[in-house]
Amino acid sequence: MNEDFFDRLHDQLAAWLRDGAAESLDAFLGAHHESFMLVTTDGTVLGLETLRDSLRGAGGSRPGLSIRIEDVTGITPEVYRFVERHVVDGSVVDVRVVTAVTRDGLLLSVQETARR
């Protein structure tokens, strides 16, 4: 795992949310372990199926969106922390500190913390 993995993953997510590019959603979800769990900024815990279902209806819902990944830090060979910035038309609209756990080259767990 390295910064390129997280950049590519978030580029795929942004392409789905921005343009509704189905192949981007497939590639994004394909990088998740079958046991994947997400803890969102509001504390909701989502498994992979719930994440998949929630994203299916969101294609094209965020015109102008890009997601920038910064300050990737390897905590261990399988645990990373980074800053995720959501940008719409040049303006930062959301910033999160993310801790990601990987296994076998796939995302196993993600915890997002909102930065205000």
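**A pocket and a pair of helices**

Let's start with the largest pocket, whose lining takes at least two residues from each of helix 1 (3–19), strand 1 (32–39), helix 3 (48–56), strand 4 (79–88), strand 5 (91–103) and strand 6 (106–114). Keep in mind as you look around that this is a predicted model.

So how do you spot an opening like this? Rolling a probe the size of a water molecule over the atoms shows where empty space is left. Here, the largest pocket comes out at a volume of about 400 Å³. Its lining is made up of 23 residues, and if you want to find the middle, look for L13, L38, L51, R96 and E112, which lie nearest the centre. Helix 1 is the biggest giver, putting 5 residues into the lining.

Now follow helix 3 over to helix 2. Two packed helices are described by the angle between their axes and the distance between the axes. For helix 2 (residues 22–30) and helix 3, the axes come within 11 Å and cross at roughly 165°. An angle over 145 degrees counts as roughly antiparallel, and helix 2 and helix 3 are therefore roughly antiparallel to each other. The crossing of helix 2 past helix 3 is right-handed.

Which residues make the contact? From helix 2 come L25, F28 and L29, and from helix 3 come L48, L51, R52, L55 and R56. Sorted by type, the residues of this contact are 6 nonpolar and 2 charged, with no polar ones.

Terms used:
Residues numbered from 1 in each chain as written. Predicted model: local features only at pLDDT ≥ 70, side-chain atom pairs only at ≥ 80, totals over all residues. Heavy atoms only, no water. 1 Å grid on protein atoms, 1.4 Å probe; cavity = no way out; pocket = protein on both sides within 12 Å on 5 of 7 lines; lining within 4 Å. Points joined across faces, edges and corners; volume = space filled by probe spheres on them. Helix = DSSP H or I, 4+ residues; strand = E, 2+ residues; numbered from the N terminus. Axes fitted to C-alpha atoms, helices over the stretch in contact; angles between N-to-C directions. Parallel < 35°, antiparallel > 145°, perpendicular 65-115°, else oblique. Left-handed = near helix turned anticlockwise from the far one by under 90°. Contact = heavy atoms within 4.5 Å. Nonpolar A, V, L, I, M, F, W, Y, C, P; charged D, E, K, R; others polar.
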